[in-house]
Amino acid sequence: VSRAVVREALKSLQAQGVVEVVNGVGSVVRGMTSMPLEQFFTFAARLSEVSIQELLEVRRGLEVEAASLAAGRAGAAEIAGLGRLVDSMAGSLREPAVFADFDTAFHVAIARASRNPMLVLLVEAIRVPLRRSVEEGLTNWIRTGEVDTVRQIHADVLEAIRSGDPD
């Protein structure tokens, strides 16, 4: 393979976040991140290859498993962090963009509390393309007066994890 082909391949891998080019060292494979998967899910959703409904179905499967595992594995510090995020979400129920940021952080924190790195990568990857749907959903719940239900659902998930109830 010619040097030009290798150089272009490395540039492509660098743009995807797979390798990092370090002066004086060369190309180094980066640690696993959710970025390549994020790009995949975002691209698929934009091309209508995957609908938001289909992503929500994937989300449900991943996040239910993450919460179930977190109920048995989360430590005190992780539970305290989840509590702070629930409080922050409750304080931003009238600000959909801010709420969506806290909501995303909450679900990723649950995945981390599951102590399963694969779940963390997958939850991070789907949360980015779904963030806008969370924001739109909250806007609708505000309009229909169901916004307190959203707060209560998150509080219930936190309580189940805190009490060690995987169901």
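A residue is taken as buried when its relative accessible area is under 20%, and as exposed when that area is over 50%. The structure described here is a predicted model.

By this criterion, F41, T42 and A44 are buried in helix α2. Viewed down the axis of α2, the buried residues fall within an arc of 165°, so they line one face of the helix. The cover over these buried residues includes α3 (52-73) and α6 (117-144). On the face of α2 turned away from the buried side, F43 and R46 are exposed. Helix α2 covers residues 35-46, and its 12 residues should span 16 Å at 1.5 Å a residue; the end C-alpha atoms are 16 Å apart, which agrees with that expectation. After α2 comes S48, which has a positive phi near 60°.

A positive phi also occurs in the hairpin of β1 and β2, where G24 takes a value near 85°. This hairpin has 3 residues between its strands. Strand β1 (residues 19-22) pairs with strand β2 (residues 26-29) in the antiparallel sense, over 4 bridges. Within this pairing, V19 stands opposite V29 of β2.

Helix α3, part of the cover over the buried residues of α2, contains V58. The relative accessibility of V58 is 37%, and V58 therefore counts as partly exposed, since this class lies between the cut-offs of 20% and 50%. V58 and L122 are 64 residues apart along the chain, and their C-alpha atoms are separated by 9.6 Å.

Methods
Residues are numbered from 1 along each chain as its sequence is written. This is a predicted model: local features need pLDDT of at least 70, side-chain atom pairs count only at pLDDT 80 or more; totals for chains, interfaces and linings use all residues. Side-chain values use heavy atoms; hydrogens and water are left out. Two strands pair if DSSP finds at least two bridges between them. Helices (H or I, at least four residues) and strands (E, at least two) are DSSP runs, numbered from the N terminus. The expected span of a helix is 1.5 Å times one less than its number of residues. Buried means under 20% relative accessible area, exposed over 50%, partly exposed in between (1.4 Å probe, protein chains only). The arc is that of the directions from the helix axis to the C-beta atoms. Contact means heavy atoms within 4.5 Å.
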